[in-house]
Amino acid sequence: MTLLSDAPPQQEAPDVTGWVFRISASLMFLAIGLTKFNDRTWVGLFADIGFGDWFRYLTGAIQSTAGVLLLVPRTTKAGAVLAGCTMAGAIAVHMFLLDTGIGGAIIPALILAFLAVVGLRTRHW
């Protein structure tokens with residue numbers, strides 16, 4: 001007869017899928033965020049939105065920060081929320097400010113759904 005206290009401690013298996021998701025999301029937002037600082041193709045888009053360069057730089061900083069936060073398990077949810085806010089903004093911009101409509105909003109919506117999965121998979125808050 002064994003007591004519960006005699007049972008060997010159970011080790012949690014590493015969440016390989018969660019790490020793949022976090023690394024993928026992190027690399028995506030680091031890449032997208034950093035291009036906002038030096039890629040001239042974003043200049044025209046942000047000019048069409050009407051907010052100018054300051055908003056492009058702010059968006060790049062937020063997305064780059066979210067990319068870093070997504071890598072750390074304790075800050076993954078915060079990073080997913082931060083990145084998700086930029087994707088919600090992108091959906092709104094495509095739907096209401098640009099001529100792209102629903103077609104332009106599909107990719108940000110898919111990325112937002114992916115971020116929800118990433119954020120909900122983590123055990124930390």
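Analyst: The lining of the largest pocket draws on helix H1 (16-38), helix H2 (41-49), helix H3 (53-71), helix H4 (76-96) and helix H5 (101-121), each of which gives at least two residues; helices here are DSSP runs of H or I with at least four residues, strands are runs of E with at least two, and both are numbered from the N terminus. The model is predicted, so local features need pLDDT of at least 70 and side-chain atom pairs count only at pLDDT 80 or more, while totals for chains, interfaces and linings use all residues. Residues are numbered from 1 along each chain as its sequence is written, and side-chain values use heavy atoms, with hydrogens and water left out.

Helix H4 supplies the largest share of this lining, seven residues. The space in the largest pocket is about 460 Å³, where a pocket is an open set of points on a 1 Å grid over the protein atoms alone, at which a 1.4 Å probe fits and protein lies on both sides within 12 Å along at least five of seven lines, and lining residues have an atom within 4 Å of a point. The volume is the space filled by probe spheres set on the points, which are joined across faces, edges and corners. The lining has 21 residues, and Lys36, Gln63, Thr86, Met87 and Ala90 are the closest to the centre of the pocket. By class, 15 of the lining residues are nonpolar, five are polar and one is charged (nonpolar: Ala, Val, Leu, Ile, Met, Phe, Trp, Tyr, Cys and Pro; charged: Asp, Glu, Lys and Arg; polar: the others, Gly among them).

Once neighbours within four places in sequence are left aside, Phe46 is in contact (heavy atoms within 4.5 Å) with Lys36, Phe51, Gly52, Phe55, Arg56 and Thr59. Phe51 sits in the loop between H2 and H3, and its C-alpha atom is separated by 26 Å from that of Ala78, 27 residues away along the chain.

Helix H4, which gives seven residues to the lining, also holds Thr76 and Val93. Thr76 is buried at 0% relative accessibility, and its contacts, neighbours within four places aside, are Arg22, Leu69, Leu70, Val118 and Thr122. Val93 is buried as well, at 13%; it touches Ile49 and Leu98, not counting residues up to four places away, and 8.2 Å separates its C-alpha atom from that of Ala105, 12 residues away in sequence.

As for the setting, the chain has five helices and zero strands. The radius of gyration is 19 Å, well over the 14 Å that the globule rule gives for 125 residues, so the chain is more spread out than a compact globule (the radius is taken over C-alpha atoms, and the rule is 2.2 Å times the number of residues to the power 0.38). Along the principal axes, the C-alpha atoms fill a box of roughly 75 × 30 × 20 Å, and 30% of the 125 residues count as buried.

Key
Buried < 20%, exposed > 50% of the residue type's maximum accessible area, 1.4 Å probe, protein only.
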